[in-house]
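I opened the notebook to go through one structure, feature by feature. Here are the entries in the order I made them.

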Amino acid sequence: MAWNNGGPSPWGNPRPGGGGPWGNPPPGGNRPPPGGGPDVDEIIRQAQQTVRRWLPRGGMGGGRGLALAAVVLLGLWGLSGVYRVQPDELGVVMRFGAFNRTAPPGLNYRIPWPVEAVTTPRVTRINRVDVGFRSNVDGPVQGGRITPARDVLAESLMLTGDENIVDIDFAVFWRIRDAGEFLFNTRNPEDTVKSAAESVMREIIGRTPIQAALTEARAQIEQDVRRGTQAIMDQYGAGVEITQVQMQKVDPPAAVIDAFRDVQRANADRERLRNEAESYRNDIIPRARGEAERMVQEATGFRDSQIARARGEAGRFNAVLAAYSQAQDVTVRRLYLETMEDILRRNNMILVDDRLQGLVPFLPLGEGQNRAGAQGQGQRAPVPAPAVAPVLNQARPGVQPR
């Protein structure tokens, strides 16, 4: 009910002749006075008229009401086709259940259900599959590896190339490479990755000795398993990329691990002793070869010195022979003097004057013994040099010493 439609005012009639609390209504009925606000009644009336144009006079049961409801429902159905793909996801659009296209991250549109449906798998997330054990995700982490919580012997026990049994736990990390192949070519991709990785691991361990698998060949085994598993997944068209294979534990079975460690210690002792023997051989053989080379070099030097000395003696003899052929008397005298000088140098001499009478003979036994002892030790007894000339004068009168 309007306030200025001519009826009684709820606030009374304070001014005579007025139709409302503010006096008489302005001319023109429901029009607001100049400079006033919008008329609320006029806005409501126009809205009612708009609704009446769409609705029949009989109410909502007519055809125009159904048409309006259908338009509203159709609009809502069309708006339901808007969807959003997260940055780490990829939208896979299926039309009547068959793969149609992929949608990038962000806001996208599809034909609403039941024509098209969308699935948004996470293509950047790295997934993990454990083989031989079940990891304890909430447990402690040692060296970047999750501590195994439970060992699955049916998956971890494998036969090596030298017919030994080894207990291997490893993890396979993979991600989605092709979302369409991932969703439509395999029923359970995670089980497929696990079965393929276990099969390849058993094949490679079956060609590898246990000692190599326990020590230096672990990195090579991981690379071979990753390549082999990736080849199988590509053959299946699973749309999966194997990013890494990580061996968690490589040990002998628990029932024989003590005996195996004893064998390992014995092998380590054998290697140690072998290395010590190799070290001793590498030390003694070069030393013996050096000593032998030194002896050979000394013998060669002695040979060369003897040959040179013999050649020098021969040359000296030839020179003496040439001098002798030219002056035989002088040469004979010189040789005689040199020989006597060499002989007399080794003996003690006693000079006696012929004019002396009554000499007592003196036999120097002590000096002879000293000289004999010196000769026995390889030394020459000293001989006074000035005594040589008088003896020579007595022995060969008229011969002057050189």
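**Entry 1: a loop residue.** In which loop is E163 found? I found E163 in the loop between β11 (157-159) and β12; helices (H or I, at least four residues) and strands (E, at least two) are DSSP runs, numbered from the N terminus. The model is predicted, so local features need pLDDT of at least 70 and side-chain atom pairs count only at pLDDT 80 or more, while totals for chains, interfaces and linings use all residues. Residues are numbered from 1 along each chain as its sequence is written, and side-chain values use heavy atoms, with hydrogens and water left out.

I looked up the backbone of E163 and noted a positive phi of about 65°, although E163 is not a glycine. Most residues other than glycine have a negative phi, and most peptide bonds are trans. E163 is exposed, with a relative accessible area of 69%. For the terms, buried means under 20% relative accessible area, exposed over 50%, and partly exposed in between (1.4 Å probe, protein chains only).

**Entry 2: a cis bond.** I noted a cis peptide bond joining W113 and P114, with omega about 10°. P114 lies in the loop between β4 (106-109) and β5 (116-119).

**Entry 3: salt bridges.** I use the term for a side-chain nitrogen of Lys or Arg within 4 Å of a carboxyl oxygen of Asp or Glu. How many salt bridges does the structure hold? The count is 25.

I looked at K249 and D169, whose side chains meet in a salt bridge at 3.6 Å, N to O. K249 lies in strand β13 (residues 240-251) and D169 in strand β12 (residues 165-176), so this pair ties together parts that are 80 residues apart in sequence. D169 is buried at 1% relative accessible area, while K249 is partly exposed at 23%.

Next I took R345, which forms a salt bridge with E341 (3.1 Å, N to O). R345 also forms one with D342, the closest N and O atoms being 3.7 Å apart. R345 is partly exposed at 38% relative accessibility, E341 is partly exposed at 36%, and D342 is partly exposed at 29%. Elsewhere, salt bridges that share partners join D151, D167, D169 and K249 into one network.

Entry 4: Helix α5 (residues 189-205) has 17 residues. From its first C-alpha to its last, α5 reaches 24 Å, close to the 24 Å expected at 1.5 Å a residue; the expected span is 1.5 Å times one less than the number of residues. I listed buried residues of α5, among them V193, A196, A197 and V200.

T229 has its place in helix α7 (residues 218-236). Is T229 buried or exposed? At 0% relative accessibility, T229 counts as buried. Leaving aside neighbours within four places in sequence, T229 is in contact (heavy atoms within 4.5 Å) with V193, A196, A197, V200 and I242.

**Entry 5: two packed helices.** Helix α8 (residues 257-326) and helix α9 (residues 328-344) pack at an angle of about 130°, with their axes 5 Å apart. Axes are lines fitted to C-alpha atoms, for helices over the stretch in contact, and angles run from 0 to 180 degrees between N-to-C directions. The angle makes α8 oblique to α9; under 35 degrees counts as roughly parallel, over 145 as roughly antiparallel, 65 to 115 as roughly perpendicular and the rest as oblique. I noted V320, A323, Y324 and Q326 on the α8 side of the contact, and Q328, T331, V332 and R334 on the α9 side.
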